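Subject: Structure for you to look through

Dear colleague,

Here is the structure I promised to pass on, and below it I set out what turned up when I went through it. Please have the model open while you read.

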Amino acid sequence: MAAPEAEIDVELRERAVDAIAALLHRLLKREEPITEDMLMAEQLGLSSSLGLELLLEVEEQLRIQIDVETMDPERTRTVGELATFVAGHGRPW
Amino acid sequence: MTALDAVSVYTPETSVPIENLAGPLGLTDIQVRLFRRFHGLNEVRLDRDRSLHDLLRTAVSGLTALRGKENRVHYVIHGRAMPVVVPYPENPLHDVCRELGLGHALTFTVTQQSCASGLLAVELAGRLLAEDPVRDALALVLTGEKTFTRDAQLLPGTSIFSEGASACLVSATGRRDRLLAYACDQRGEFDIEIGESTERFQREYRPALASVIRRATSEAGLTLDDIRLILPHNVNVVTWQRLCLLLDYPVERVVLSNVATNGHVFCADAFANYRTALEGGLLHEGDHYLVAAVGSGNGATFSAMLFQH
């Protein structure tokens with residue numbers, strides 16, 4: 001069951017990319033640049049439990065609730081894919 | 001054919017909000033919020049004044065179908081996650097059996113598959129009964145544990161355990177619920193002390209569980225569309241949401257309602273969720289349902305059992 005297609009809020013997506021990158025720097029203690037095409041688990045070493053912490057902090061920073069029920073980890077592997085999902089499946093508080 | 005004749009569950013009345021466990025378990029504020037937001041855990045059940053002996057005894061006492069049939073019980077098997085639970089030479093399992101007229105039964109404990117040991121116990125009970133010369137012999141499968149150490153209270157970043165117990169009467173010839181298939185993968189490479197990394201275990205967890213679920217379904221000659229319900233282990237909600245995406249199975253048909261209020265009760269989740277499904281009218285005669293469990297510790301075990309109600 002794939003996540004339903006959702007309209008993307010471009011401005012929200014941009015903020016999501018910035019928030020995700022900043023949080024990854026902090027959570028992974030990484031100083032090198034993080035780009036949209038990077039695979040979060042394979043390239044950056046993000047574990048699934050840290051991945052949830054990342055989502056929680058993204059929700060709080062962007063003041064949205066992400067529809068995690070429809071979030072397929074296989075389709076949200078890069079920073080950019082996650083930001084697109086967040087922008088399409090985040091409801092304001 | 002192995003059948004579950006009756007199931008009784010004991011859940012302690014005392015509910016403890018997970019915030020109250022933050023201090024004793026050393027959880028940070030964000031860890032507590034993660035448990036609530038994504039893992040779906042709000043509170044756990046604890047019974048500080050009751051011993052393991054009390055838990056087991058209460059579960060067996062609640063099994064009304066056992067009354068008058070004690071002499072037919074040839075085997076009592078305790079499926080348990082923790083390998084050591086009382087100081088030697090105490091043995092609450094044997095004490096409970098003697099007290100409840102089951103002292104004659106062959107009684108033992110299996111812990112080798114951690115939280116999947118409850119399903120292992122059902123499978124063993126079925127095999128023993130199939131070889132028993134007495135056709136109407138019965139087996140009693142028990143689960144039940146105390147959260148007596150930090151390791152027994154918390155799976156970091158994954159789940160928080162509750163106390164509780166269950167008793168299940170198993171026969172070789174019962175009309176329901178009949179065991180149609182059992183799939184079990186033991187993955188020694190995920191041993192918690194000397195095994196592969198936690199990250200690899202986390203990565204392979206859902207595909208490995210999906211694999212045994214699909215295998216049990218296929219061995220029963222069914223497809224996932226035929227499965228009315230999945231009775232999960234209550235490890236957390238987000239794992240099941242993602243597993244359902246992987247399986248293409250509707251998460252609404254996974255009995256997750258006990259996660260928020262009962263936490264993960266070691267080997268008892270399957271039986272507690274069975275009672276919830278039964279009492280909620282979610283199972284009808286002839287329905288197929290699947291029970292899933294994962295044990296981790298000295299290696300990991302992924303198990304799935306398929307039943308017809």
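A word on naming comes before the rest: helices, of at least four residues, and strands, of at least two, are DSSP runs numbered from the N terminus, and in that scheme S114(B) sits in the loop between β5 (106–110) and α5 of chain B. Please also keep in mind that this is a predicted model.

Backbone points in chain B

Most residues other than glycine have a negative phi, and most peptide bonds are trans. S114(B), although it is not a glycine, has a positive phi of about 50°, and S114(B) counts as buried because 24 C-beta neighbours lie inside 10 Å, where 20 or more are needed. F266(B), likewise a residue other than glycine, has a positive phi, near 45°; this residue belongs to the loop between α8 (257–262) and α9 (269–279) of chain B, and with 29 C-beta neighbours inside 10 Å, F266(B) counts as buried.

Two cis peptide bonds are also worth a look. One joins Y88(B) and P89(B), with omega about 5°, and P89(B) is found in the loop between β4 (73–79) and α4 (92–99) of chain B. Another joins R176(B) and D177(B), with omega about -10°, and D177(B) is found in the loop between β9 and β10 of chain B.

The two domains of chain B

Chain B is divided into domain 1 (3–171) and domain 2 (178–308), and the C-alpha centres of these two domains lie 17 Å apart. Their contact takes 38 residues from domain 1 of chain B and 33 residues from domain 2 of chain B. On the domain 1 side, β1 (3–10), β3 (43–45), α5 (117–131), β6 (138–145), β8 (159–160) and β9 (164–171) of chain B each supply at least two residues, and α5(B) gives the most, with six residues. By class, that side of domain 1 of chain B has 15 nonpolar, 18 polar and five charged residues.

Helix α6 of chain B

How far apart are the end C-alpha atoms of helix α6 of chain B? They are 31 Å apart, which agrees with the 32 Å that the 22 residues of this helix (residues 198–219) should span at 1.5 Å a residue. Even so, α6(B) bends by about 40° at E204(B), and a proline, P207(B), follows within four residues. The buried residues of α6(B) include F201(B), Y205(B), L209(B) and I213(B), and R206(B) is also among them; the buried residues of this helix pack against β10 (178–187), β11 (227–231), α7 (237–247), β12 (288–297) and β13 (299–308) of chain B. Just after α6(B), G221(B) takes a positive phi of about 75°.

Where chain B meets chain A

In the contact between the chains, 15 residues of chain B touch 11 residues of chain A.

A residue in chain A

T70(A) is found in the loop between β1 (64–66) and α3 (79–89) of chain A, and with 18 C-beta neighbours inside 10 Å, T70(A) counts as partly exposed. T70(A) and E14(A) are 56 residues apart in sequence and, C-alpha to C-alpha, 21 Å apart in space.

With best wishes

How values were computed
Residues are numbered from 1 along each chain as its sequence is written. Chains are lettered from A and ligands numbered from 1 in the order in which they are written. This is a predicted model: local features need pLDDT of at least 70, side-chain atom pairs count only at pLDDT 80 or more; totals for chains, interfaces and linings use all residues. The expected span of a helix is 1.5 Å times one less than its number of residues. The bend at a residue is the angle between axes fitted to the seven residues ending there and the seven starting there. A residue is buried if 20 or more other C-beta atoms lie within 10 Å of its own, exposed if 12 or fewer, and partly exposed in between; C-beta atoms are placed from the backbone. Two residues are in contact if their C-beta atoms, placed from the backbone, lie within 7 Å. Domain bounds come from an automatic or database domain assignment. Ala, Val, Leu, Ile, Met, Phe, Trp, Tyr, Cys and Pro count as nonpolar, Asp, Glu, Lys and Arg as charged, and the others, Gly among them, as polar.
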